[in-house]
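Me: I've just opened this structure and I'd like to learn how to read it. Could you walk me through it?

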Amino acid sequence: VSVTGRAGDVRTGADGSFELTGIAPGAQTVVVTRDGYTPLSEAVEATAGGTVTLEFRLPRQVTVTEGL
């Protein structure tokens with residue numbers, strides 16, 4: 001999990017939950033990635049001292065390979 005334009009990533013808990021702190025107020029884009037899944041992002045409006053709740057369901061990435 002990361003925020004566009006902000007250094008570093010945040011790891012999720014075993015249940016997929018995450019918390020980002022120290023985010024500057026204003027328009028932000030949260031990006032979620034995991035190997036084998038299609039990345040997703042969502043634009044949010046961060047406020048000083050505020051909380052934003054997001055829920056992502058990453059679709060599996062399909063890989064097509066040629067037969068041998």
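Predicted model: local features only at pLDDT ≥ 70, side-chain atom pairs only at ≥ 80, totals over all residues.

Me: How many bridges join β2 to β3, and which way do the two run?

Reply: Seven bridges join them, and they run antiparallel.

Me: What is the strand order in the sheet?

Reply: It's an open sheet of three strands, ordered β1-β2-β3, with antiparallel pairing.

Me: Is glutamine 28 buried or exposed?

Reply: Buried means under 20% relative accessible area. Glutamine 28 has 15%, so it counts as buried. This residue sits in strand β2. A polar atom of its side chain lies 2.9 Å from the backbone oxygen of alanine 24. Beyond its neighbours within four places in sequence, glutamine 28 is in contact with residues including Val3, Ile23 and Val44.

Me: How do I read a pocket?

Reply: Rolling a probe the size of a water molecule over the atoms shows where empty space is left. Here, the largest pocket has a volume of about 1,100 Å³. It is lined by 36 residues, and the closest to its centre are Val1, Phe18, Glu19, Leu20 and Val30.

Me: Which strand gives the largest share of that lining?

Reply: That's β2, with four residues. β1, β2 and β3 each supply at least two.

Me: And what classes of residue make up the lining?

Reply: There are 17 nonpolar, 13 polar and six charged residues in the lining of the largest pocket.

Note on methods
Residues numbered from 1 in each chain as written. Heavy atoms only, no water. 1 Å grid on protein atoms, 1.4 Å probe; cavity = no way out; pocket = protein on both sides within 12 Å on 5 of 7 lines; lining within 4 Å. Points joined across faces, edges and corners; volume = space filled by probe spheres on them. Nonpolar A, V, L, I, M, F, W, Y, C, P; charged D, E, K, R; others polar. Pairing = 2+ DSSP bridges. Buried < 20%, exposed > 50% of the residue type's maximum accessible area, 1.4 Å probe, protein only. Polar contact = N/O pair within 3.5 Å; in protein donor to acceptor, adjacent residues only side chain to side chain. Contact = heavy atoms within 4.5 Å.
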